[in-house]
Amino acid sequence: MDQKNKDLDKFLNFLSGKSKKKAPTDGNSGDNVVKMEKKGTLNPKKYLSLAITLTIVFAAALTIFANVYIVKESEYAVVRQFGEVVKFERDPGLKMKIPFIQSVTRLPKNQMTYNISEEEINTKDKKRIIIDNYAVWRITDPKALISNAGTLSKAETRMEEFIYSVIRTELGQLRYDEIINDENSSRGSINDRVTERVNELLQNDKYGVEVVDVRIRRTDLPAENEQSVFTRMISERESTAQLYLSEGDADKRRIEAQTDQQVQAMLATANKEASIIQAEGEAEAAKIYNKSFSQDPEFYSLYRTLESYKKTVGEDTVIILPASSPYAKILSGYLK
């Protein structure tokens, strides 16, 4: 037992730097002992207190960091305690929470786009079509979303269910041709109606989200119906084209008839004016002739006789006249 105590003392003295060395002695004297200078000693209590201090500082820093969280401008921070929402932060900055008890859930503040799965619906005239649409939405009450929906994905799922239900109801009241035909389509305000109705459903269930806009991206037909519909559409377009051609021909004939009527009226007016001008000219010419011929009646008689020869005498003309006839005398060149 004494040996064990001695060994323990030696070990402790070694740790504390109290190891002893005997000085060399001469053969005659045992009293001359050279004392060695003591080396610097280690104090275990000092290092133990330093380690405790560092541990406390580290624990305090860890506690502070676990208690602090940062809220960004583009997000909400919802603080939950044992799963229950106790508060949420809208304003950005450095915030505090109770460590190890409270947790922080972050939700986006900006508007988001959600692509809704393609669904098949029936129209009013019992036709099947596939609808592909999307929604623009945002979070309005983070506390209500966490309390009633639980997570962001569950809120999107409920929103998609509401949108599909409302679109199915709205398009179910329209005929197939009203949906696919842009000229006669009634889809102009359907997006607004769907948006308004979906927001009413979300507000009633208090999911804390709002749909900004719902848009129908495209409408397709089931693969088995595409060819028959395309054939019918081609037939309808050909009928429409034939109708346009018939209407064009009718308009053409009507315009031609109107033009011919206007031409005939213009020609009649022109002929009438020409006849009047010609008659006036002939009257003026006759007046001039009469004035001229009245100055020499014999010359006028000769002129009239010569003019009659032009109409009566030809290459094969045979005229039998008495020789004493004035008409024959002039023709034979006898003028007296």
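**Group meeting: salt bridges, a cavity and a surface patch**

Hi everyone, let's start with a contact between two side chains: Arg158 and Asp205 meet in a salt bridge, at 3.9 Å from N to O. Arg158 lies in helix H4 and Asp205 in helix H6, so this pair ties together parts that are 47 residues apart in sequence. By salt bridge I mean a side-chain nitrogen of Lys or Arg within 4 Å of a carboxyl oxygen of Asp or Glu. Helices (H or I, at least four residues) and strands (E, at least two) are DSSP runs, numbered from the N terminus.

A word on the model itself: it is predicted, so local features need pLDDT of at least 70 and side-chain atom pairs count only at pLDDT 80 or more, while totals for chains, interfaces and linings use all residues. Residues are numbered from 1 along each chain as its sequence is written, and side-chain values use heavy atoms, with hydrogens and water left out.

Back to our pair. Arg158 is partly exposed at 27% relative accessibility, and Asp205 is partly exposed too, at 36%. The cut-offs: buried is under 20% relative accessible area, exposed is over 50%, and partly exposed is in between, with a 1.4 Å probe and protein chains only.

How many salt bridges does the structure hold? There are 10. Another one joins Arg138 to Glu210, with the closest N and O atoms 2.7 Å apart. Here Arg138 sits in strand E8 and Glu210 in strand E9, so the pair ties together parts 72 residues apart in sequence. Arg138 is partly exposed at 31%, and Glu210 is partly exposed at 28%.

Glu200 pairs with Arg197, the closest N and O atoms being 3.0 Å apart. Both residues lie in H6, three residues apart, about one turn of the helix. And to close this part, salt bridges that share partners join Arg158, Glu161 and Asp205 into one network.

Next, the inside. The structure holds one cavity of 30 Å³ or more. On a 1 Å grid over the protein atoms alone, a cavity is a set of points where a 1.4 Å probe fits but cannot get out, and lining residues have an atom within 4 Å of a point. The largest cavity has about 50 Å³ of space; a volume is the space filled by probe spheres set on the points, which are joined across faces, edges and corners. Its lining includes Ile116, Glu119, Asn133 and Tyr164. Which element gives the largest share of that lining? That is H4, with three residues. By class, the lining has five nonpolar, two polar and one charged residues. Nonpolar covers Ala, Val, Leu, Ile, Met, Phe, Trp, Tyr, Cys and Pro, charged covers Asp, Glu, Lys and Arg, and the others, Gly among them, are polar.

Phe82, Ile98, Phe100 and Ile101 make a nonpolar patch of about 490 Å². Patch residues have over 30% relative accessible area and no salt bridge; nonpolar side chains are joined within 5 Å, and like charges within 9 Å. Phe82 is in the loop between strand E2 (75-81) and strand E3 (84-89), and counts as exposed at 70% relative accessibility.

One last backbone detail. Most residues other than glycine have a negative phi. Lys206, not a glycine, has a positive phi of about 55 degrees. Lys206 is in the loop between helix H6 (190-205) and strand E9 (209-220), and is exposed at 57%.

Definitions and conventions: Areas by Shrake-Rupley, 256 points an atom, 1.4 Å probe, with all protein chains shown as cover. 1 Å grid on protein atoms, 1.4 Å probe; cavity = no way out; pocket = protein on both sides within 12 Å on 5 of 7 lines; lining within 4 Å.
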